[in-house]
Each structure stands twice: as structure tokens, then as C-alpha cells.
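Let's take a walk through this structure together, one stop at a time. Have the sequence and the 3D view open as you read.

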Amino acid sequence: MYQLNDKIKNLVPYEPISGTYDIRLDANECPVNLPDDIRAQFHKRLDEISFNRYPDPLAERLVNSFAEYYNIDPECVTAGNGSDELIFLIESAFLQKGDKMLVVAPDFSMYNFYSSICEVECDSFIKNENLDIDVDALIEKINRDKIDMVIFSNPCNPTGRGITRAQAEKLVSSVKALVILDEAYMDFWTESLLDKIGDYSNLIIFRTASKLVGAAALRLGFAVADPTISRAIKAVKSPYNVNSVSQAFGEVVYKNKDFLQNRQKNIVNNKNILYNGLVEIAESRQDLKVFESVANFVFMKTDCSREIWEYLKAKSIVVRLMGEYLRITAGTEHEVDAVLNALREFFSR
Ligand code: PMP
């Protein structure tokens, strides 16, 4: 009888919350679908696809469109089947047996999960009480423990907190380790290091089309790094990792600059309404702490997190429950209103 090995025998497939809900604020997605004019551009572009042929392995048209949107050199960009694929790929390829990886905590759980599959030693650096990273202490730990790779999200999922460009640059320039900044939520903030990619040989930045762009369904992620690292990523990835439909969509959507910038303003505005509403609710409650956020969601700590989660779910609103914390995505204005009203009701009972 074949036996699964120790590292996978107790794993269970990832399952997001099941069921149908009126308001989904649990996955940090964009709350609205694409407008008709972008769908029309996409449909037109689809007609050019030769479905009998394999996709372009380097996804050149997509990469050029992405690079132009962010004003960076396309040579520094590798497209992936979601940034999830790239996280796994880079952890497994850039680390070898005996290497040490570091994550910060709390952070996006997949970094740690993939390290266990890669059988790499992974340590955690704990954030302070405010859920911020003490960058000097992090640098000291990386150098003292001879860490080979450090990876964290900036802004952070789930906390919504972030380190500034200056802090990120200090980190990258003070360590020999490969620094991976996952900027999945940086479209909602101003502190990206994308424009500095050519200055550092130990930096990889991830971006995704799953958040601001609103294309989680198509699985489009990007690794941005200097040409030497980029070549290695391209060499190690599976040849046809991004399908032709997703490539075509990404090529179209990143050309719609005004649309993306308006969407960004709208989501940040709704996040601010959500944050201010939560702060107001928390003013009269000692047991509720709301963290200021630079992403498209708000994180809060409360003793009654599960009760709130159940209460909202009964009203067909889902948010993310994480122990004594709740993470609420900024939805449309109507959805933000609905979740705030439900929370006011909960606390007034
Ligand atoms: N990084 C972070 C920090 C995320 O929150 C997510 C999605 N929840 C991802 C990466 C994965 O993004 P993608 O959809 O591009 O795989």
C-alpha cells in the first residue's frame, strides 16, 4: 500500500467558505465586475488567440502592458499563474537544503506553508503590539541568524499595516539575504519599491491582478526583479504557466490606466469609510481595537470575533475570521454601509 510522506499526509485541500452570500467581504477581492467597455476590448482580443497553440511562454504582450502601466523595464518582469504560483516557485528554486528562510508574523500564511513543502527551515519574526515590523530589529535578526531569504507582504495581509519605501530600502540594502516584498496590496498605497528594482540584486517584488485589477478569476501574478534574477525565474518556471486567455486579458486591462486609477480612488475611499465607521463603533468599546490600514481591507481585534462573524453570516455578510481578529474587505459603498449597520446593531444589543 502506497504511503503518503510525512510532509503531506495530514494536509487538506484549501477550501474557501462555502455557500452563497449576498455580501462577500472575506477575500480582499475587488467588489465589482469589469465594465462593459473593457469586456468588449477583451472579447475582441480573444478573437486573435490560436487556441490550438501553446501560449507564449514569456507572455511578452502581457508583460509589456504591465511594465508600461508601472513604468518599469519589461526585462525585469516574469508573469505567473497568480502570485501564489510565483511564491511557491521562488521559495522552492531560490532556496536549497540547509538554507534558512524567515517570515514575519502575522502575515500571509502561504509563505510558511510552501516552505514546509520545500523542506526549508523557516523561522518567524514577530511584529510588535501594533502589528508593525521593527525594521532595525528585523535587519539584525536576518544578519545574526544568516537568513538566506526573507519574505513578507507590504502592505500586510491580514493586518493592513505597511513599511515605508525608506524602511524597505534600508532593509534591502542592509542584508545579504534575498528580500521578497509581496506588494499584492501596494496598488492601494504609495510606498512601492518597483521603481528601485534596478538598484538591488537581492530584491524580488510580487504584484497581482487579483486585487485592484479585479481579475482574481484569471490568476495573474508578476515577479519583478533585476535581469539576472528575472532570467533565473523564467528559466525555472514551467514553460506555459500563464494561459493565453489570461495573457490576453492582462494585456488589455493594464492599458486602461484611467479606469484602474479611478477604481483605485473608489476602493480607497470605501476603505476609509469602513475604517472611520469601525473606529466610531470602537470608541465606546474597550474590547474592540481597529488597526489603521493602507490596503483595501480593515483588520480588527475583539473578544467576540466569532460571535460577530456568526451574526454577520446570518445576515448573509461574510468577513474573514482569524482567531480573535476579523478582517473586513472594503466592498462597494452599499456593502460597507451594510456591514457597518450590522455591526452597530450587534453592539447595541
Ligand atoms: N499575496 C498576498 C499578500 C495575498 O493576500 C494574496 C491573495 N490573498 C496573494 C499573494 C495571492 O494572490 P494571487 O491571486 O495573485 O495568487
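Glu-140 has a relative accessibility of 49%, so it counts as partly exposed. This is a predicted model, by the way, so keep that in mind as you look around. Now find Arg-144: at 52% relative accessibility, this residue counts as exposed. The side chains of Glu-140 and Arg-144 meet in a salt bridge, with 3.4 Å from N to O. Both sit in helix H5, and because they are four residues apart there, about one helical turn separates them. Side chains of opposite charge can pair when their charged atoms come close.

How many salt bridges does the structure hold? There are 20. Another one joins the side chains of Glu-119 and Lys-7, at 3.3 Å from N to O. Glu-119 is in the loop between helix H4 (110-117) and strand E4 (121-126), while Lys-7 is in the segment before E1, so this pair ties together parts that are 112 residues apart in sequence. Both partners are partly exposed: Glu-119 has a relative accessible area of 48%, and Lys-7 has 33%.

Next, look for Arg-161 and Asp-132, whose side chains meet in a salt bridge at 3.0 Å from N to O. This pair also links distant parts of the chain, 29 residues apart: Arg-161 is in the loop between strand E5 (149-153) and helix H6 (165-174), and Asp-132 is in the loop between E4 and helix H5 (135-144). Is Asp-132 buried or exposed? Its relative accessibility is 18%, so Asp-132 counts as buried, the cut-off for that being under 20%.

Time to visit the ligand. It has 14 residues around it, and those that come nearest are Asn-157, Asp-182, Thr-208, Ser-210 and Arg-219. An N or O atom in the side chain of Thr-208 is 2.6 Å from an oxygen atom of the ligand. Ser-83 also brings in its side chain, with a polar atom lying 2.7 Å from a ligand oxygen. With Asp-84 it's the backbone that takes part: one of its polar backbone atoms is 3.0 Å from an oxygen atom of the ligand. Taken alone, the ligand exposes 400 Å², and the protein buries 92% of that.

Now move to Asn-202, in the loop between strand E6 (178-182) and strand E7 (203-208). With a relative accessible area of 11%, Asn-202 is buried. What does its side chain reach at 3.1 Å? It reaches the backbone oxygen of Val-172, and the backbone oxygen of Val-175 also lies 3.1 Å from a polar atom of the Asn-202 side chain. Leaving out residues up to four places away in sequence, Asn-202 touches several others, including Lys-176, Ala-177 and Leu-178.

Helix H9 (residues 257-283) is where you'll find Leu-260. At 0% relative accessibility, Leu-260 counts as buried. Setting aside residues up to four places away in sequence, it touches Tyr-69, Leu-212, Val-213, Val-253 and Tyr-254. Val-213 is 47 residues from Leu-260 along the chain, yet their C-alpha atoms are separated by 6.7 Å.

At 47% relative accessibility, Leu-4 counts as partly exposed. Together with Tyr-2, Ile-8, Leu-11 and Phe-113, Leu-4 makes a nonpolar surface patch of about 500 Å².

Notes:
Residues numbered from 1 in each chain as written. Predicted model: local features only at pLDDT ≥ 70, side-chain atom pairs only at ≥ 80, totals over all residues. Heavy atoms only, no water. Patch = residues over 30% accessible without salt bridge, like charges linked within 9 Å, V, L, I, M, F, W, Y side chains within 5 Å. Areas by Shrake-Rupley, 256 points an atom, 1.4 Å probe, with all protein chains shown as cover. Salt bridge = Lys/Arg side-chain N within 4 Å of Asp/Glu carboxyl O. Buried < 20%, exposed > 50% of the residue type's maximum accessible area, 1.4 Å probe, protein only. Near = heavy atom within 4 Å. Polar contact = N/O pair within 3.5 Å; in protein donor to acceptor, adjacent residues only side chain to side chain. Helix = DSSP H or I, 4+ residues; strand = E, 2+ residues; numbered from the N terminus. Contact = heavy atoms within 4.5 Å.
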